[in-house]
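Here are some notes for a colleague who is opening this model for the first time.

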Amino acid sequence: LTYCYRKPKTKRAKRFLEKREPKLKENTKNAMLIKGGNANLTVTEVLKDIYAVKKPFAILYKKKNITRPFEDQTSLEFFSKKSDCSLFLFGSHNKKRPNNLIIGRMFDYHVLDMIELGIEKFVSLKDVKNSKCPEGTKPMLIFAGDMFDVNEEYRRLKSLFIDFFRGPSVPSIRLAGLEYVLHFTAVDGKIYMRSYKVLLKKSGCKIPRIELEEMGPSLDLVMRRTHLASDDLYKLSLKQPKALKPKKKKNISHDVFGTTYGRIHMQKQDLGKLQTRKMKGLKKRPAEKSAEDGGVSPKKSKLA
């Protein structure tokens, strides 16, 4: 394969290409929300609400796109490369699969994982008359249900949800910033998605009393078709560059309680040459000195 690289002619084009270059710490993943050719009002409202939750790391395509991701993925890959998005949510509706959502992610601008979900019940942001969180709030993600740990398809779906809703990586957290919760429950073959606003109430001590107020949107979903990457490709997508991997420190170990233990290697010391503190009591007597020299006194040696 021959790859033709064209040098950018303008500074703007150069900045654009530099933004898309591989980095040690990648940018926050963007998501594209695409409406299918036969999307109904319910699917359109779901895409709008998830776009409101995901902003500003999302792009909503308002025009209808006649495509079927499970049959042909070229259009999704084209949109992914054009908009620089590694996540997507595709909404459609037909008689065979009503109120349909397809959530997926890309690797190297090719579809990696893709899971089809059916909407059984939907409550939008507008229907819940409560105060909302500001745009760009990073949510706390909670997963309940054994299926997210036992079943491979549900495990991948959990990974997809984390990738989709996690938002930017932050170095530190403040208590007042924890105000948005996304809760996913898997039980009896269904996935329940609920969103809450965290209210910090007075409790009479330093730790506030926490209450959850439903904010919307809320979805009752059922899993349909799946398109999962092979183990080798999935392992390749998780590979980290060597510069980000923590360097192993020699002779350092940790116990169960987190205590650090270090082993120090020292050379063998000659205690006879050890410098001690100079004191009158530690001075050697003439008899000891003569014994060390071989029993000959210094006066006799001079005479000899």
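1. Helices α2 (41-54) and α5 each supply at least two residues of the lining of the largest cavity. This cavity, in what is a predicted model, has a volume of about 110 Å³. Its lining consists of 14 residues, and V53, K54, T137, P139 and G167 are the closest to the centre. By class, the lining of the largest cavity has eight nonpolar, three polar and three charged residues.

2. The structure holds two cavities of 30 Å³ or more. The second largest cavity contains about 80 Å³ of space. Here β4, α5 and β10 (218-227) each supply at least two lining residues, and α5 has the largest share, with three. Among the residues that line this second largest cavity are I50, L89, L101, F161, F164, F165 and M193. The class count for this lining is 11 nonpolar, no polar and no charged.

3. The pockets come next. In the largest pocket lies about 2,300 Å³ of space. Its lining is made up of 49 residues, with P22, E26, N27, S86 and D108 nearest the centre. Elements that each supply at least two residues of this lining include α1 (11-19), α3 (74-83), β5 (110-123) and α6 (231-237). Helix α1 gives the most, with four residues. The lining of the largest pocket divides into 21 nonpolar, 11 polar and 17 charged residues.

4. The second largest pocket holds about 360 Å³ of space. It is lined by 16 residues, and those nearest its centre are K138, V170, I173, G177 and L178. Eight of the lining residues of the second largest pocket are nonpolar, four are polar and four are charged.

5. Which residues do ring pairs link into a cluster? They are F143, F148, Y154, F161, F164, F165 and F184. Of these, F161, F164 and F165 also line the second largest cavity. Across the whole structure, a search finds nine aromatic pairs. In one of them, F143 and F148 are edge-to-face, with 5.3 Å from centre to centre and 80° between the planes.

6. F143 also pairs with F184: the ring centres are 5.1 Å apart and the planes meet at 15°, so this pair is stacked. Because F143 belongs to strand β6 (residues 140-144) and F184 to strand β7 (residues 180-187), the pair ties together parts that are 41 residues apart in sequence.

7. Is F143 buried, partly exposed or exposed? At 21% relative accessibility F143 counts as partly exposed, since buried means under 20%. F148, at 1%, counts as buried, and F184, at 0%, counts as buried too.

8. Two arginines are placed over aromatic rings. R156 lies over the face of Y234, at 3.8 Å from the ring centre. R225 lies over the face of F70, at 4.3 Å from the ring centre.

9. As for annotation, the UniProt record, an unreviewed entry, places the feature "domain: Brix" at residues 29-232. In the model, the end C-alpha atoms of this span lie 22 Å apart. Residues 29-232 are 22% helix and 41% strand.

Note on methods: Residues are numbered from 1 along each chain as its sequence is written. This is a predicted model: local features need pLDDT of at least 70, side-chain atom pairs count only at pLDDT 80 or more; totals for chains, interfaces and linings use all residues. Side-chain values use heavy atoms; hydrogens and water are left out. UniProt positions are given in the numbering used here, feature names are shortened, and annotations may be inferred rather than shown by experiment. On a 1 Å grid over the protein atoms alone, a cavity is a set of points where a 1.4 Å probe fits but cannot get out, and a pocket is an open set with protein on both sides within 12 Å along at least five of seven lines; lining residues have an atom within 4 Å of a point. Grid points are joined across faces, edges and corners, and a volume is the space filled by probe spheres set on the points. Ala, Val, Leu, Ile, Met, Phe, Trp, Tyr, Cys and Pro count as nonpolar, Asp, Glu, Lys and Arg as charged, and the others, Gly among them, as polar. Rings of Phe, Tyr and Trp (its six-membered ring) pair if their centres lie within 6.5 Å; planes under 30 degrees apart count as stacked, over 60 as edge-to-face and the rest as tilted. Buried means under 20% relative accessible area, exposed over 50%, partly exposed in between (1.4 Å probe, protein chains only). A charge sits over a ring if NZ of Lys or CZ of Arg is within 6 Å of the ring centre and within 35 degrees of the ring normal.
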